[in-house]
Amino acid sequence: GALLVSERIDREELCGALSPCSLSFEIVVENPLELYSGAVEIQDINDNDPVFPSSQARLEISESVAAGARFPLESAQDPDVGINSLQTYQLSANPHFALDVQTRVDGSKYAELVLEKELDREEQRELHLVLTALDGGSPPRSAHVQILIDVVDANDNAPVFNQSTYKASVRENTPSGTLVARISAYDLDDGPNGDIVYSFSSHTPAKVRELFALDSAMGELRVKGQLDYEETKLYEIYLQAKDKGAAPGVAHCKVLVEVIDVNDNAPEVTVTSVYSPVPEDAAPGTVVALLSVTDLDSLDNGLILVQVSDVNDNAPKPSQDSYDVYVLENNMPGISILNVSATDPDLGRNAHLSYTLLQSDPTVGHLFSINRENGTLYLLTSLDHEDQVEFSMMVQVQDGGSPPLATNVSVSVFVTDLNDNAPTVLYPHPNTTATYTDVVAPGTPAGHMVTKVVAVDADAGYNAWISYTLLQATDPSLFSVGLHSGEIFTARQLQEDDAPQHILVILLKDHGEPVLSASATVSISVAEMVKEVLTDLTDVAPTNDPRRHVTFYLILAVILVSAAFFITMLSVGIFKCYKWRQSKELFNSSRSTLYRTPGPFHHIDAVRGGFTPPNFYHQVYLTTDSRQSDLLCKKPFTSSPLGSRQSTMRNGEPGLYHQIVGTASRLPTPAE
């Protein structure tokens with residue numbers, strides 16, 4: 001399926017001055033059968049220099065010509081197009097002439113000499129100028145032409161056209177020799193100085209000279225070649241009238257020739273693919289052939305009209321499959337946060353779209369609303385980043401066809417954080433009258449961590465990044481605080497003459513905008529023993545603490561619960577010992593009789609006795625004729641189908657005994 005270049009492309013050879021230059025093609029894809037049309041646009045590169053018709057141009061200008069007179073110069077031609085075509089002209093420096101660059105209707109450039117200072121034949125009989133043509137490439141290409149100006153004696157009157165611009169229109173199939181326009185000029189001089197000769201201006205393109213002819217005596221412009229509307233729609237032709245004086249006067253005019261399109265191109269029907277033979281049982285609608293129709297004419301001449309009715313065969317196509325929306329918290333209720341857009345290439349009702357918010361989460365319906373007609377999503381309430389960071393929802397875009405087609409678009413709304421929460425101090429707790437005092441011993445060296453201020457910030461990111469600074473201190477030189485850790489260190493070794501009690505005020509700031517802050521007060525005592533600190537605390541503690549009684553009751557409750565737990569555990573232990581002794585007596589009594597009548601199973605719970613760890617026990621089952629049966633051991637703690645009538649085998653470490661209790665018709669003898 002790759003389209004390759006088979007030979008070197010020359011845009012100027014393919015399209016000439018036409019822009020854009022494109023080549024059309026068609027591709028047939030089979031199974032399934034599809035037809036694609038395409039075009040390759042050939043882009044221009046700056047590979048051609050501007051070219052003058054000749055390397056030298058000669059002008060004869062009378063010394064009597066007044067300042068402001070204009071003299072057309074031969075135009076350079078550049079087959080490139082666009083910016084790479086001819087863009088401007090430059091004239092070598094001189095005291096008499098300036099250069100005026102004009103633009104034609106088709107965008108091409110031409111230059112005229114403008115006399116700024118009158119000539120004097122006695123002072124200078126000849127002038128040498130250089131005209132440079134530049135294109136717009138990078139770097140630009142250029143061409144040069146030498147301009148030789150002969151200063152001659154005056155011819156009093158120059159020819160004058162009766163109008164500066166002529167307009168004409170001609171059909172593209174006009175035969176050669178047809179009159180297009182008649183130009184006219186007059187000269188007030190007598191004799192040769194008043195005889196006028198008409199000609200094309202020097203900067204008229206060669207292509208125009210091939211298509212049109214000008215009668216030099218009558219000034220009649222006629223069709224010479226074959227005009228083609230599809231090639232050029234408008235021609236801008238520059239003509240001049242010159243008298244026959246020794247220093248001929250020259251006048252200039254412009255003729256605009258519009259080419260009218262005629263229906264001279266029949267539609268071209270191209271059979272792209274034919275499927276033959278066609279099976280006799282082919283269903284209606286089976287493709288037999290692919291045809292393509294083209295017409296080179298313009299407007300109505302180039303149309304072939306086929307009416308196609310629309311069916312709803314296109315689902316709405318959203319501009320994006322998903323949207324991520326970022327909303328600042330604490331927003332104003334009712335603001336619009338997103339416009340979900342979609343298109344439908346169908347027509348009429350089939351292209352009428354409606355937008356619906358699918359509410360898989362009931363919370364979404366209370367917070368968001370969407371305009372059914374234009375897809376604008378509104379936020380109904382104010383959001384809080386600390387409450388919920390992200391909301392996910394689905395917007396359904398449905399057309400008005402029958403049946404309707406729909407497309408779902410996922411929308412994620414992210415609540416971005418604002419710095420609306422100040423740091424919260426967790427330790428020491430700020431909302432209490434109790435004093436948190438940390439103790440440090442005298443002589444503690446520098447760098448010792450005394451305590452730590454613990455704080456959190458409900459915001460996120462930089463808004464929650466807390467820095468700690470020492471705001472106030474009893475002795476600022478004694479303690480320092482970690483900028484980001486909140487750890488309080490000794491800045492130097494404690495001396496005996498340092499104050500025994502220190503109060504530090506720590507400032508906590510986040511990194512939001514604006515900055516929010518909080519403070520924490522830390523009390524540090526310098527003491528050898530805790531008793532000294534307690535004495536100091538007693539001195540500084542408030543006399544009336546409303547929570548003293550609460551603390552007392554809490555301590556009393558803990559003591560009572562502990563005592564109850566101890567008594568309970570002691571009672572359970574005594575009960576287990578009692579049960580163990582009872583089971584032991586039962587076992588001893590069973591050994592006193594060789595035979596006994598089968599009766600109900602007895603259960604000895606050795607595990608619950610608490611004498612050996614549970615992992616030393618296995619469950620076994622014995623038949624009534626135990627001495628002829630093998631032991632069937634199960635995994636530890638596996639339930640027995642006999643329920644509470646199971647026997648328990650105690651299996652201990654080396655040195656421990658093995659005990660098997662069961663019900664049998666006969667107990668084994670000691671020898672067995």
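**Exercise 1. Determine whether Lys 254 is buried, partly exposed or exposed, and describe the salt bridge of Lys 254.**

Solution. Step 1: Lys 254 has a relative accessible area of 22%. Buried means under 20% relative accessible area, exposed over 50%, and partly exposed in between (1.4 Å probe, protein chains only). Lys 254 is therefore partly exposed.

Step 2: the structure is a predicted model, in which local features need pLDDT of at least 70, side-chain atom pairs count only at pLDDT 80 or more, and totals for chains, interfaces and linings use all residues. Residues are numbered from 1 along each chain as its sequence is written, and side-chain values use heavy atoms, with hydrogens and water left out.

Step 3: a salt bridge is a side-chain nitrogen of Lys or Arg within 4 Å of a carboxyl oxygen of Asp or Glu. Lys 254 and Glu 236 meet this rule at 3.5 Å, N to O. The pair links distant parts of the chain, with Lys 254 in strand β18 (residues 250-260) and Glu 236 in strand β17, 18 residues apart. Strands (E, at least two residues) and helices (H or I, at least four) are DSSP runs numbered from the N terminus.

Step 4: Glu 236 has 9% relative accessibility and so counts as buried.

**Exercise 2. State which side chain of opposite charge is nearest to Arg 104, and how far away it is.**

Solution. Step 1: Arg 104 is found in the loop between β6 (97-103) and β7 (109-115).

Step 2: for charge, Lys and Arg count as positive and Asp and Glu as negative, while His and the chain ends are not counted. The nearest side chain of opposite charge is Glu 236, 5.1 Å away. Arg 104 is buried yet has no salt bridge.

Step 3: leaving out residues up to four places away in sequence, Arg 104 touches Ser 75, Lys 109, Tyr 110, His 203, Glu 236 and Tyr 238. Contact here means heavy atoms within 4.5 Å.

**Exercise 3. Find where the partners Asp 150 and Arg 58 lie, and classify the accessibility of each.**

Solution. Step 1: the closest N and O atoms of this salt bridge are 2.7 Å apart. Asp 150 lies in strand β9 (residues 142-152) and Arg 58 in strand β3 (residues 56-62), 92 residues apart, so the pair links distant parts of the chain.

Step 2: Asp 150 is buried, because its relative accessibility is 16%. Arg 58, at 48%, counts as partly exposed.

Step 3: by the salt-bridge rule the count comes to 13. Arg 11, Glu 12 and Asp 44 are linked in a network of salt bridges.

**Exercise 4. Give the strand order of the open sheet of 3 strands, and identify the strands at the edges.**

Solution. Step 1: the order is β23-β27-β26, with antiparallel pairing. Two strands pair if DSSP finds at least two bridges between them.

Step 2: β23 (335-339) and β26 (368-370) stand at the edges; each has a single partner strand, so one side of each is left without a neighbour in the sheet. The twist averages 30° from one strand to the next.

Step 3: β23 pairs with β27 (residues 376-379) over 4 bridges. Ser 336 stands opposite Tyr 378 in β27, and Leu 338 has Leu 377 as its bridge partner.

Step 4: β26 and β27 pair over 3 bridges, with Ser 369 opposite Tyr 378. Their hairpin has 5 residues between the strands, and Gly 375 takes a positive phi near 75° in this hairpin.

Terms used:
Axes are lines fitted to C-alpha atoms, for helices over the stretch in contact, and angles run from 0 to 180 degrees between N-to-C directions.
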